[in-house]
Structure formats: structure tokens, C-alpha cells
Amino acid sequence: MFKRFITKRNITIVSIIIITLLFLYFIVPISVPLIVALLFALMIEPFVKLLEQKVNSRKWSVSIIYTSILSLLLLFMYLFLTKLIQHIIQFSKDLPDKMNNLLSAWSIFEERLSKIIPENVSDALFNETQKFLFNIRDAILNYFNVERITNLVASLPETFITLLVFLVALFLFMLEIPNIQAFIKAHTYENTYNKGLYIWRRISTSIFGMLRAAFILSGITWFFTFIGLLFITPKNALVLSFIICLVDLLPILGATGVTIPWALYAYITGDPALAIKLIVLSVFLLVQRKVLEPKVMGKGVGLSPLPTLIAMFIGLKLMGFVGFFIGPIILIVILIILESGAFNLDFKI
């Protein structure tokens with residue numbers, strides 16, 4: 001029976017699986033900029049083809065789109081990142097006072113609540129809560145210490161090199177996508193190529209469409225958040241609106257994951273006017289999200305909240321913070337591959 005298994009086809013399959021696993025384990029972790037560049041090039045390929053039909057040259061089409069992306073990226077880095085670094089340094093300086101204000105507000109709340117509930121219950125509750133707040137304060141202060149900020153600044157050269165590799169790889173992938181497609185087609189059977197092409201089209205339509213829709217929705221959220229923060233805290237409106245926009249990209253959490261805790265903090269520390277403004281902004285952002293999301297997202301392939309949460313948690317445990325985003329995408333890819341009929345799952349136990 002073992003001799004029957006040792007065939008040329010089975011040896012080839014096992015070899016491909018082993019090589020793939022070794023590739024995923026050793027090569028993928030150090031090739032993240034290249035992989036992201038390839039995925040980004042594939043995501044904007046429809047725009048490249050559309051412009052190519054008008055200018056009758058792929059090189060010109062790629063050059064125009066790439067230059068536009070690079071210009072927007074440099075403008076973003078100049079306008080946002082410089083201010084963000086300043087705000088992070090200022091935030092690290094103001095953080096002890098903010099946490100002390102929160103502790104002081106809790107002490108006042110403790111005095112009021114002790115008159116309502118039994119003394120032994122209130123003492124246990126207040127001791128545990130105060131311990132929790134102190135732990136949060138110490139953890140945040142340790143995270144935003146001078147050494148960590150210095151390490152962040154020291155890592156900027158490596159980050160710059162990674163960004164440079166990404167930009168060069170992006171341009172080359174944009175140029176070479178037709179050649180890559182031709183190479184794959186030349187080295188696969190027609191049935192395999194057609195099935196792979198079907199899977200890829202479904203993946204690109206759903207995932208890239210979902211990502212484009214998410215960025216569009218977050219862009220709209222940024223605009224309304226920026227306008228709202230101009231009336232609430234005009235000095236920090238630009239940076240805070242971008243931070244809220246980035247949080248809005250997270251599945252499930254959304255922009256209100258920042259504005260509502262901020263409103264609670266403002267109310268607890270004795271600024272109810274700011275809290276009311278933030279609650280109004282939160283309600284507006286939530287309503288506009290619920291109204292626009294079905295229209296922008298369309299029908300595409302998506303996940304319900306429970307599978308999304310499970311995929312995010314497993315991705316976070318296996319791959320760290322990046323897995324928080326990659327987990328749901330991998331699950332969608334698996335569902336699309338199973339839907340394509342590449343594997344026969346018609347069985348019962």
C-alpha cells in the first residue's frame with residue numbers, strides 16, 4: 001500500500017506542500033513590504049488598465065498613477081506625521097496630569113457613592129477600582145516613557161528603508177503584472193489556471209472591493225470628524241480626526257470606539273460640555289455610518305460579526321497586531337476557495 005502511494009504525482013504534491021510551508025515560515029515574515037506592494041499593485045491594476053486604454057501605453061499609465069500615489073503619500077507624511085510626532089510627545093508629557101485628574105474624579109465619585117451603598121461593599125469596590133486605575137496609569141506611563149520614544153526615533157531609518165523598498169517594489173510590480181500573469185498561465189494546466197483565475201477574481205472582487213469601500217467610508221468619517229472637531233478642539237482637530245479615522249478601519253470597533261470613551265473621560269473629569277459635544281458627534285458618526293455602509297459596501301462577500309471576531313482573535317494570537325487585520329481576510333479567502341469547488345467537501349460523519 002505504501003508503494004502505491006509513492007507515485008510521481010504524490011511526490012510532486014508533497015514537495016510543493018513542504019516548499020510552501022517552508023516559504024511561509026521563513027520567507028514571508030521578512031518579505032512583508034514586497035507582499036504588501038504586490039497586493040497593492042493588484043488592487044490598483046483595474047485603474048492602470050483603464051488609464052492604459054486612454055494613453056495607449058502601460059508605462060505611461062503606471063508612471064502617472066504611481067506619481068499620483070507618491071505625491072499623496074509625501075503630502076500626507078508632511079502634513080500629518082510631523083504633527084503626529086509633536087502630539088505624541090506632548091501627550092506623553094500631559095499624560096500624568098490626565099491620569100491624576102481621573103483618579104481625583106474617582107475619589108469624588110467614591111465619596112458620593114459611599115453614602116448610598118454599604119461601607120464594606122464600597123470599600124472593596126473602590127479599592128479594586130483604584131488599583132485598576134493605578135495599574136492603567138503605570139502601564140501607560142511605562143509605554144510612553146522617554147526610552148520607548150527614543151527607540152521609536154531610532155527605528156525611523158529602518159522604517160524609511162522598508163518604505164523605500166515598498167515604493168520601488170510597487171512600481172516594478174505595477175509594470176510586471178502582465179508578465180507575471182503570462183508566466184503563471186504558461187506553467188499551469190488550462191483547467192487549473194481557469195479555476196485559479198475564478199478564485200482570484202472572486203477574492204479580488206470581494207476583498208479589494210471591501211477594502212476600497214472601507215477606505216471610502218473611513219475617508220467620509222474623517223471629513224465629518226474633522227469638521228466636528230473644529231468646533232470642539234480646533235487646535236488638535238487634524239491629528240485627532242486622522243487617529244479616529246484609523247481606528248474606524250478596525251472591524252467592529254469603529255470611530256465611536258474613540259469618541260465615546262473620550263466623552264466618558266470628559267464627563268468624569270468635570271467637563272460635561274465637552275462630553276455632550278462628543279456624544280453628539282458620536283451619534284452623528286454612527287448614523288452616517290449605518291446609512292452609508294450598505295450603499296458603499298454593496299453585496300460583496302463579507303463576514304457576520306461573530307466569525308469576524310473569531311478570525312480577529314485567532315489572527316491576533318498567531319500573528320500579533322497585524323493578524324488582527326489579516327485574520328478576517330484569510331477567512332474570506334478560505335470561504336471563497338471552498339465555494340469555488342476546489343476541494344470536495346460533500347461528506348458526512
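Arg58 has a relative accessibility of 13% and so counts as buried, the cut-off being under 20%. Please keep in mind that this is a predicted model.

**Exercise 1.** Find out which residues the salt bridges join into one network with Arg58.

*Solution.* Start with the count, which comes to two salt bridges. In one of them, the side chains of Arg58 and Glu45 meet at 2.8 Å, N to O. Arg58 belongs to helix H5 (residues 58-113) and Glu45 to helix H4 (residues 45-55), so this pair ties together parts 13 residues apart in sequence. Glu45 is buried, as is Arg58. Next, Glu52 and Arg58 form a salt bridge through their side chains at 3.4 Å, N to O. Glu52 is partly exposed, with a relative accessible area of 27%. Shared partners therefore put Glu45, Glu52 and Arg58 into one network.

**Exercise 2.** Decide whether Ser282 is buried or exposed, and find its polar partner.

*Solution.* Locate Ser282 in helix H12 (residues 272-297). Its relative accessibility is 4%, so Ser282 counts as buried. Then look at the side chain of Ser282, which makes a polar contact of 2.6 Å with the side chain of Thr259. Beyond neighbours within four places in sequence, Ser282 is in contact with Thr256, Thr259 and Ile260.

**Exercise 3.** Work out which helix gives the most to the lining of the second largest pocket.

*Solution.* This pocket has a volume of about 400 Å³. Its lining includes Arg9, Thr12, His187 and Tyr189. By class, the lining has four nonpolar, five polar and one charged residues. Helix H2 (residues 8-27) gives the most, with six residues.

Key: Residues numbered from 1 in each chain as written. Predicted model: local features only at pLDDT ≥ 70, side-chain atom pairs only at ≥ 80, totals over all residues. Heavy atoms only, no water. Helix = DSSP H or I, 4+ residues; strand = E, 2+ residues; numbered from the N terminus. Buried < 20%, exposed > 50% of the residue type's maximum accessible area, 1.4 Å probe, protein only. Polar contact = N/O pair within 3.5 Å; in protein donor to acceptor, adjacent residues only side chain to side chain. Contact = heavy atoms within 4.5 Å. 1 Å grid on protein atoms, 1.4 Å probe; cavity = no way out; pocket = protein on both sides within 12 Å on 5 of 7 lines; lining within 4 Å. Points joined across faces, edges and corners; volume = space filled by probe spheres on them. Nonpolar A, V, L, I, M, F, W, Y, C, P; charged D, E, K, R; others polar. Salt bridge = Lys/Arg side-chain N within 4 Å of Asp/Glu carboxyl O.
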